Amino acid sequence: MTTASLVSDLVTSFKATARIVIVGASLAGLRAAEALRDEGFTGSLTLIGDEVHEPYDRPPLSKQVLKGWVPAENTKLPRMRAIDADWRLGVAATGLDRANREVLLANGEKVPYDRLLIATGVRSRQWFNPDEAKLGGLFTLRTCDDAAKLQEALQARPSRALIVGAGFIGSEMASVCRDLGLEVTVAERSTAPLVGALGGVIGDIAAKMQRDAGVDLRTNVSVEALEGDAGGHVRRARLSDGTTLDVDVVVASLGSIRNIEWLDGAQLAAGFWGVACDAGCRAFDINGVVTDTIFVAGDIARAPHVLYEYQFLSIEHVDAAVLGAQTAAHNMVNLETNRRPHLPLPQFWSAQFGVNIKGVGVCSFADEIVFTQGSPEDLRFVAAYGRKGRIVAAVSFNHGKWLDYYAAMIERSAPFPPPPPGYDLPTNAEPMPARFRDLREPTGLPDVVLTGHDPTSRGAEFRPKRPKSEGANS
Amino acid sequence: MRIVVDLNRCVGYAQCVPLAPDVLRLQGEEALAYDPNPDDSERQRVVRAAASCPVQAIIVELDPPADRTTK
């Protein structure tokens, strides 16, 4: 028998008899399960999810669901095929025992695996003051239960809603409030909405868009305190500029936290940044050595990307979750010579204030931006982002049909500024600073250290410095 | 029935909107919003809308797979 046929037998028998466990039963988990069956995997498959709901579509939650058009429970994801899985919904994974290859569940059960997929995603950052966090009328938005509660509160027509944080989700929620004819204040601690994702130049356009739609946008402020009435319902917010606001609904849109706590002690390269993995979705252990049995997909995954100087990137977008899940599934049931890389060109969209914002690439990687088509004043344009003379991203406002043109240039690492398309030129087509925050600022969480002197005992160790509360401030 | 629209792919040609106006709507000039779990009575309209999409962005689950017990 040749080596090749032995190896082929090994793969065939693995696909028939192995046990695969997927932790995280949302988009990435579901699509990975489907892809595994497509790959011919007929062994046992377990899907573990802490929510009681079957996998659902999250992007509509901050838009058509909040607006009251689509009920929150009517967001269930289409299934691409039968997966014949053992579903464990409503029970969280609480631990990972790598030595015995078992996932520990909140109900005390242990689920053995031969291959494990980590797809536990992120959750929304809660209000930073635990006492204030108990107030009625204070919401976050991540799950369909969150969306149902917030939609109900908006339907009751609060006299004013306050949205803390003007990222994509916060801005989309503000847009819905205005569509519903509600008074809404948005408090953002940076200079404008969407600055973190798209930079200050686009942020200024987003700010004008919000104000023109009647949003009371306050920038360069944080919300320092919330005050409730005797019934424990939020009634007032105190801002860092000394002003106070009377509000009945407050939505904390403070970004997300990765669900890595259940991996404590598992000695993986997991931290507030996510779970590091290679471009083939294989998890790294704490020392940066790749594992053979553990894979990562979805929002929690963080992998090196060839287009961005091989930096480790978390791509928290829908298509990255789907493609990553499919790549992870393929690599879980194939050997080295047959592995595939997961190298998505990041793509995202956001609908707000009647404008379709779409992007490709990693905008925040850029130092410069140039308007290439259309008119920023009319909220119909494309802008390209560049770094050190090459194009790294592009964003469009109501001009999405053009994005593929830019995506192709980004993939080819074409020069920046890109050649103008020849017509529909903006009045100002000069590159300018994109105005992102300096990412070299220390994060204040250096929680890994190297220990040991002998080459055999040398390794990394977590020395967690847990912050007092998860969100330091808005 | 269940659908999902790949809004990375969708660029707002809006061919689908008049074919299933209760399921697919345009918000502004280019942004598509959809009902992910439309009533089964929409089936014919949704299938036509999905077929009409120039970029094939509408993913339809025509029949639930055998192992799906929930509605």
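Biologist: What makes Leu379(A) buried or exposed?

Modeller: Leu379(A) has 22 other C-beta atoms within 10 Å, so it counts as buried. The rule is that a residue is buried if 20 or more other C-beta atoms lie within 10 Å of its own, exposed if 12 or fewer, and partly exposed in between, with C-beta atoms placed from the backbone. Leu379(A) lies in the loop between strand 26 (368-375) and strand 27 (380-387) of chain A, and has a positive phi of about 55° although it is not a glycine. Most residues other than glycine have a negative phi.

Biologist: And what are we looking at, and how is it numbered?

Modeller: This is a predicted model: local features need pLDDT of at least 70, side-chain atom pairs count only at pLDDT 80 or more, and totals for chains, interfaces and linings use all residues. Residues are numbered from 1 along each chain as its sequence is written, while chains are lettered from A and ligands numbered from 1 in the order in which they are written.

Biologist: Why is Asp84(A) called partly exposed?

Modeller: Asp84(A) has 13 C-beta neighbours inside 10 Å, so it counts as partly exposed. Asp84(A) sits in the loop between strand 2 and strand 3 of chain A, and it has a positive phi of about 45° although it is not a glycine.

Biologist: Which residues does Pro78(A) contact, leaving aside its neighbours within four places in sequence?

Modeller: Those are Arg2(B), Ile3(B), Val4(B), Ile59(B), Val60(B) and Glu61(B). Contact here needs C-beta atoms, placed from the backbone, within 7 Å. Across the whole interface, 27 residues of chain A are in contact with 25 residues of chain B. Strand 24 (347-352) and strand 25 (355-361) of chain A are the elements that give two or more residues to the chain A side, and strand 24 gives the most, with 3 residues. That side divides into 10 nonpolar, 8 polar and 9 charged residues. For those classes, Ala, Val, Leu, Ile, Met, Phe, Trp, Tyr, Cys and Pro count as nonpolar, Asp, Glu, Lys and Arg as charged, and the others, Gly among them, as polar.

Biologist: How do you know that the span of helix 2 of chain A agrees with what it should be?

Modeller: Helix 2 (residues 27-38) of chain A has 12 residues, which should span 16 Å at 1.5 Å a residue, and its end C-alpha atoms are 16 Å apart, so the two agree. The expected span is 1.5 Å times one less than the number of residues. The helix itself is a DSSP run (H or I, at least four residues; strands are E, at least two), numbered from the N terminus.

Biologist: Why do you call helix 2 of chain A largely enclosed?

Modeller: Because 10 of its 12 residues are buried, among them Leu30(A), Arg31(A) and Glu34(A). The cover includes strand 1 (19-23), strand 2 (44-49), strand 7 (115-118) and helix 6 of chain A. Helix 6 (residues 318-332) of chain A is mostly covered too, with 13 of its 15 residues buried.

Biologist: What makes strands 13 and 15 of chain A edge strands?

Modeller: The open sheet has 3 strands in the order 13-14-15 (chain A), with antiparallel pairing. Strand 13 (223-228) and strand 15 (244-246) of chain A each have a single partner strand, so one side of each is left without a neighbour in the sheet. Two strands pair if DSSP finds at least two bridges between them. Strand 13 and strand 14 of chain A have 5 bridges, and strand 14 (residues 234-239) and strand 15 of chain A have 3.

Biologist: What makes the crossover between strand 11 and strand 12 of chain A right-handed?

Modeller: With the strands pointing away from the viewer, a right-handed crossover has a path from the first strand over the helix to the second that runs clockwise. Strand 11 (residues 184-188) and strand 12 (residues 216-219) of chain A pair in the parallel sense over 4 bridges. The chain crosses between them through helix 5 (residues 195-212) of chain A, and this β-α-β crossover is right-handed.

Definitions and conventions
Two residues are in contact if their C-beta atoms, placed from the backbone, lie within 7 Å.
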